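Welcome to this short tour. Take a moment to look over the sequence and the structure, and then read on.

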Amino acid sequence: MSVEITRTQPNPAPAGASIVGSRQASRATIAAFLGPALVIYAGFIFYPVLRTFYNSLHSVGPMNVTTFVGAQNFTQILTHDHTFWRAVGNTVTFTLIGTVLDVLGGLLLALCLFARAPFARLLRVVWFTPVLMSYVVVGIIWVWLYDYDWGLINTILRWLGLGALEQSWLGDPHTALWAVLVTHLWKWLGFNMIICLAALYALPEEVLGAAELDACGWFAKLVYIIIPMLRPTLINLLVLSFIGKMMLFDLVWIMTDGGPLWATETVSTYVYKRAFNWNTFDLGYPSAIAVLWSAMIVAFVVLMTRLLRQRDRLEF
Amino acid sequence: MAARLGRHHAIELWLGHLRRTPLLLFLILYTVVTGGPFLWVAMMSIRTTPEIFNDPYGLPVPAHWGKFADAWTISKYGTYFWNSLIVVGCAVALLTIIGSMAAHCLARYRFRGSRFVRVAILSGMILPPQLLILSLFQILLQFGLYNSLPGLIIAYVSTQLAMTVYILEGFFAQLPQDLFDAARMDGYSEFEIFWRITLPIGMPAVFTTIILNFIILWNEFLYAIVLLTDDDKRTLPLGIMHFMGAHQLDVGMIATGLMISIAPVILMYAFFSDILIKGMTAGAVR
Amino acid sequence: MAVVTIDKLRKRYDGAAEDSVKDMTLTVADGEFMVLLGPSGCGKSSALRMIAGLESITSGAVAIDGRPINHVPAKDRDIAMVFQSYALYPHMTVAENLAFGLRRRSVPAPEIDRRVKDVAARLGLAPYLARKPHALSGGQRQRVALGRAIVRDPKVFLFDEPLSNLDAALRVTTRNELVKQQHELGTTTIYVTHDQVEAMTMGDRICIMDGGAVVQIGRPLEVYRNPANTFVARFLGNPPMNLLAATLAWEESGHVVRVPGGRYPVEGYAPEDLARFINGPVTLGVRPEDLYESGSGAPHLAPIRTRVVTVELLGAETLLILTAETGEEIVARIGRDSASHPGDIADLFLDTTKIHLFDPVTTKVIPRSR
């Protein structure tokens, strides 16, 4: 004999009540939490980016007088602007060489500490310090270090009897970019080191033990096991370093202001100068440079990750 | 046999040390290269400029501690310091509140478009500043916020929001959902849940972002230089540059200013080096 | 030929209060499968790593075929090791994993090729040679780890709990596979585990360790039947041996062990060995399988009064969990069915010939003389 069980329909939830479900919340709640962030994002990130794109197609004079010029800014930049191309050359050279040195140097430092160096903890802290310093501090200190007469570099050279190698490091167009690069590396090596060190410690000990039993000396271990297993981290670092250097502004501004003779001019400093230090005030042109440059950075990064990325996951 | 083994072992040990000597030398060298310049600036900050030019690398034997007072008042580093403190303090406070709320929302709730919002906000982390700064300049000008501390504060909040949300969301998402379910069943409102559960338990991450944001914004240069022109509104990095421009040869005073700028950072680093190191490298290790 | 001699091996880690390995002395014969068995933290893995060369030796000596290898670097010891986590190189294919050690040793390429193919065939890895470890199952990874060791044709195999990451069913088949391979290859093997089933089924001899010290060495059944102390007695055998506080007395009929609830004559002991325990405490040990529900009149079975707590009907056998009159817990393993119920007072029967007596203070066994 079957028993009928009547089910009563639950009352439908009144409109506006909190939504049932572990991860659900009412629209009002979400709006309250997310609202301020979205407002800031929309107003100060999303909108400005759109505006920059807009500006790049216009000539934007003082008092916001805007005239549409289409692709004129871009063609002008690409065909007639020698300074732009000089800046691009500087920035790309700086970035390509700097990024490789940056990541390799960080890895090297991390390996030194990983190889059970004494006082590793203390050294880690000391070596990380420049990362935390403002570009102003770092820049000024190194301007002094590079000084021709009383800077430490030349003083040491003289002291070593290598006085002939003295330079005006920041004053000579041939050395200025490299001098700035050294300073930049000095500031950032600690960052890469810390990340590489963390990655090294995350390597499974047993795999390294297996490598030892497989007749790997420290060099073979490094080349055949450690570096391949660190690949995702290293690629990450390369990308981060790349982006940071392509957008370089502060250090150049402080140390050389783009000089001598545009030897250290980067795209960022050029954008700034074009916007605020030019005889004619036109925000459209530098906006176009910014758009162009951002596109180039994105293209480069996509290319790099595609080339270097592993095909399968590196699970361990 | 044992003696031969013993000697063999001794040679091994010695070779080991030999192999380590270049390593040790390198360690010492790099430590000097890294820490030396700061030590030098510290020494110069309490020497007078003539003393420095006389002997650039000498010890600060008559130590002129009074230079700090001078720098504070006469060279206006005090003004710059306060400006920095106000701007950075307010920005960090706003970032913490706004960022943690947004992070909590993204971590806890599923709603249509949440993925999009997350991608949108986090993309701010890799946005080149050039794309933003010129338009930001225009916008602030339009709203009368150009050359004002509030304007800079808002700009700073916008630059660091993405990173703050990234770090906090990552942390909040790991909090067990059971906690929140239990709280709901106990009758807490959503805001109470945020205030009484997410924030207290997520304090380590929140603290990390506070310290990180402070240091990054304390050192910030580009936005400040674009968005501020008045001398009394200058933040510390700008103030130092301005001073350097006007008094390029007064190395002693510049050094004192540099020390004033470095001081809060070193202080934080001394107490929170672990947090700082971990925080700054968050997310970069796969 | 590969005889491994370990002589008074000691290990103390920096800053540790105690030695992790204490005066370990052991000889593994050529081709023998020696199992180091013990609970976690007993020092067996440390000992293994010292033999491998992955851990420095604090004092003592390790020798292979008489040649001391204390200061020989790991790669020159002609030892291969299979790790608990398999430790495969995640960025290399199976074939590359197998070939890596040989390449590093400059073995000529055709030889490497041949060996890799041989091992792959032997272990059924041929279809996976081009895969990377993350695309393999746990069992397959384990075989690759084993293959990597075999391909090197070393003097000694070392295994560090290689089966603990496998699920139960796989463990059984892999266990047998490992033993079969080892017998075919005839390589001296030292195998570390905490699982006594593995030790009992795989080892030619087992070496039980506790707290860094070697407690007993012997063939599995010997150690099982004649444990050297209460630790070994309870470590081998599942459910573990029952230990009861008892007293020893001398009666005209001979030595008698008494517990509240029963008295048991014991035979086969030299009087001198038992002399100092007379009228004093001893620990009585009896294995669950030596307890019976009915006496059937057999002379060597003596009753013990217990109260039934739980009856676990497992199908093929039954476990009775009981309390002795002293309050101690006793586990008995009996046939497919049981008439007892929880709460019953049951008189079980103890096989007095299978009793073990232990010194209650030192926990060492009192040896039988015959």
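Predicted model: local features only at pLDDT ≥ 70, side-chain atom pairs only at ≥ 80, totals over all residues.

## A term to start with

A salt bridge here is a side-chain nitrogen of Lys or Arg within 4 Å of a carboxyl oxygen of Asp or Glu. Glu289(C) and Arg333(C) make such a pair, with their closest N and O atoms 3.8 Å apart.

Another pair to look up is Glu161(C) with Lys44(C), whose side chains meet at 3.8 Å, N to O. Glu161(C) lies in the loop between β7 (156-160) and α5 (168-185) of chain C, and Lys44(C) lies in helix α1 (residues 44-52) of chain C. The pair links distant parts of the chain, 117 residues apart. Are Glu161(C) and Lys44(C) buried or exposed? Both of these residues are buried.

## Where chain A meets chain B

Now turn to the contact between two chains. Chain B gives 85 residues to it, and chain A gives 85 residues too. The size of an interface is often given as the accessible area lost when the parts come together. Between chain B and chain A that area is about 8100 Å², with 76% of it from carbon and sulfur atoms. The interface has 17 residue pairs in polar contact, both residues being at pLDDT 80 or more. On the side of chain B that touches chain A, 62 residues are nonpolar, 15 are polar and 8 are charged.

There are 2 salt bridges across this interface. In one of them, the side chains of Arg124(A) and Asp274(B) meet at 3.5 Å, N to O. Why does this pair join two chains? Arg124(A) lies in helix α4 (residues 120-132) of chain A and Asp274(B) in helix α13 (residues 251-280) of chain B, so the bridge runs from one chain to the other. Arg124(A) counts as buried because its relative accessibility is 19%, under the 20% cut-off. Asp274(B), with a relative accessible area of 41%, is partly exposed.

## Two domains in chain C

The domain assignment divides chain C into domain 1 (4-234) and domain 2 (236-358). Their C-alpha centres lie 39 Å apart. Where the domains touch, 14 residues of domain 1 of chain C are in contact with 10 residues of domain 2 of chain C. Together the two domains bury about 1100 Å², 59% of it on carbon and sulfur atoms.

What kinds of polar pairing occur between these domains? There are 0 salt bridges between them, but 7 residue pairs are in polar contact, both at pLDDT 80 or more. On the domain 1 side, the elements that give two or more residues are α6 (196-202), β9 (205-210), α7 (220-225) and α8 (230-235) of chain C. The most comes from α8(C), with 4 residues. By class, this side of domain 1 of chain C has 9 nonpolar, 3 polar and 2 charged residues.

Key. Residues numbered from 1 in each chain as written. Chains lettered and ligands numbered in written order. Heavy atoms only, no water. Domains from an automatic or database assignment. Contact = heavy atoms within 4.5 Å. Buried area = accessible area lost by both parts, 1.4 Å probe. Polar contact = N/O pair within 3.5 Å; in protein donor to acceptor, adjacent residues only side chain to side chain. Nonpolar A, V, L, I, M, F, W, Y, C, P; charged D, E, K, R; others polar. Buried < 20%, exposed > 50% of the residue type's maximum accessible area, 1.4 Å probe, protein only.
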